[in-house]
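Here is a short briefing on one structure. Keep the model open while reading.

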Amino acid sequence: VLRELVGRIYAKNPMQRKRLEPYLQAQEPLFWSRADAFARGLAGYLESCGLGLDYAVDAYLKMCRDTLVEQTRFQRTGCYSCPGQKAAYTDTYANETEMRSYMVGLAVSQFLWANHYAIYAYYLDTVRECAGGVRTYLEIGPGHGMYLAAAMNAFRAVRFRAVDISPVSLNLCRGLLPFVAETRAPLHLEEADALTLQTDTPVDFITMGEVIEHLDDPRPILRKIAALIGGQGRAFLTTCANCPARDHVYLMRSADEIRALLRECGFEIVTERALLADQLPRAAPELRQMVNYAALVRARAA
Ligand SMILES: C[S@@+](CC[C@H](N)C(=O)[O-])C[C@H]1O[C@@H](n2cnc3c(N)ncnc32)[C@H](O)[C@@H]1O
């Protein structure tokens with residue numbers, strides 16, 4: 001099914017073949033079984049909403065185009081175009097047409113963008129390794145729901161809770177999860193700003209993927225996460241540096257800056273991945289180098 005999706009992407013934009021084909025040809029069978037399961041689930045979800053696979057093709061291509069426009073502007077100005085998290089909410093998270101397309105495109109990129117897949121695969125390994133002690137799980141900003149599905153597949157006998165500011169993301173999670181998660185564990189989905197998260201109950205595992213860069217100041221929520229996981233819990237955090245997008249607000253300029261932010265907010269890094277993005281020519285010194293970053297963290301002892 002992924003091959004079908006990719007074939008339609010090439011038909012609509014032949015330039016994609018040049019970038020995707022060498023990457024796809026280098027993939028192992030494990031990638032194909034994961035990617036096919038995802039593409040089958042996505043196709044089933046789209047059909048259940050009266051949409052076809054072409055919706056995902058268009059969403060992916062639109063996200064690629066939007067990213068290119070933002071990258072070109074960023075290389076010129078050195079700033080992100082989105083003025084703040086309020087604007088991100090109005091223009092993107094609350095906008096049904098834009099947000100659904102963006103999240104479906106992003107879900108497809110989990111398999112078609114090398115760094116996104118590398119971080120997703122790192123997450124799959126991490127949740128499998130951490131599964132033993134986890135009884136409570138919280139996700140902040142599940143977006144398309146693919147990380148939530150992976151956690152639900154890995155953690156058994158767990159109370160799952162996910163909080164997202166976007167009603168569109170939550171609807172997408174509700175619709176897509178039955179097609180990509182193997183369990184029907186109890187799941188509480190909540191529309192809320194993570195900054196106002198009302199909970200003091202300790203959580204064994206928290207995932208917050210690609211949210212830090214969406215906040216005016218990520219420190220309060222990062223400190224809250226450190227407090228919630230306490231001495232025993234773990235959090236899996238992902239973000240990026242020099243990575244413009246329509247709703248990115250908080251600019252970090254290197255992996256070291258990200259690490260310093262995590263330490264400042266009370267975390268110790270257990271394992272991490274810091275990956276240079278493949279979309280830009282690495283040799284050009286004037287380009288601000290994009291980095292995708294993910295870490296498994298624990299709260300630093302006081
Ligand atoms: C780029 S998506 C990330 C999706 C997925 N977690 C991933 O890693 O690919 C960011 C998500 O965070 C949500 N979000 C942004 N700001 C938030 C906030 N203050 N509180 C809760 N969710 C937020 C957005 O609505 C969106 O669903």
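Strand β7, residues 291-299, is mostly covered, with eight of its nine residues buried. The model is a predicted one. The points below take in the strands, the aromatic rings and the ligand.

**Strand β7 and its partners**
- Strand β5 (residues 234-241) pairs with β7 in the antiparallel sense, over seven bridges.
- In that region, Leu237 stands opposite Ala295 of β7.
- Strand β6 (residues 267-276) also pairs with β7 in the antiparallel sense, here over nine bridges.
- Glu268 has Arg298 in β7 as its bridge partner.

**Aromatic pairs**
- The count of aromatic pairs comes to 17.
- One of them joins Phe31 and Trp32: their ring centres are 5.2 Å apart and the planes stand at 90 degrees, an edge-to-face arrangement.
- Phe31 also pairs with Tyr117, with 4.8 Å between the ring centres.
- The planes of Phe31 and Tyr117 meet at 80 degrees, so this pair is edge-to-face too; the cut-off for that class is over 60 degrees.
- The Phe31 and Tyr117 pair links distant parts of the chain, 86 residues apart.
- Phe31 sits in helix α3 (residues 29-48), and Tyr117 in helix α7 (residues 114-130).
- Phe31 has 2% relative accessibility and therefore counts as buried, the limit being under 20%.
- Tyr117, at 9% relative accessibility, counts as buried as well.
- Ring pairs link a cluster whose members include Phe31, Trp32, Tyr117, Tyr122 and Phe236.

**Arginines over rings**
- Arg273 lies over the face of Tyr122, 4.1 Å from the ring centre.
- Tyr122 is also a member of the ring cluster.
- Arg288 lies over the face of Phe74, at 5.8 Å from the ring centre.

**Ligand site**
- The ligand is surrounded by 22 residues.
- The closest are Gly141, His144, Asp164, Ser169 and Ala194.
- His144 places a polar side-chain atom 2.9 Å from an oxygen atom of the ligand.
- Asp193 has a side-chain N or O atom 3.0 Å from a nitrogen atom of the ligand.
- Taken alone, the ligand exposes 600 Å², and the protein buries 98% of that.
- Helix α6 (residues 96-112) gives the most to the shell around the ligand, with four residues.

Terms used: Residues numbered from 1 in each chain as written. Predicted model: local features only at pLDDT ≥ 70, side-chain atom pairs only at ≥ 80, totals over all residues. Heavy atoms only, no water. Buried < 20%, exposed > 50% of the residue type's maximum accessible area, 1.4 Å probe, protein only. Helix = DSSP H or I, 4+ residues; strand = E, 2+ residues; numbered from the N terminus. Pairing = 2+ DSSP bridges. Phe/Tyr/Trp six-rings, centres within 6.5 Å; stacked < 30°, edge-to-face > 60°. Lys NZ or Arg CZ within 6 Å of the ring centre and 35° of its normal. Near = heavy atom within 4 Å. Polar contact = N/O pair within 3.5 Å; in protein donor to acceptor, adjacent residues only side chain to side chain. Areas by Shrake-Rupley, 256 points an atom, 1.4 Å probe, with all protein chains shown as cover.
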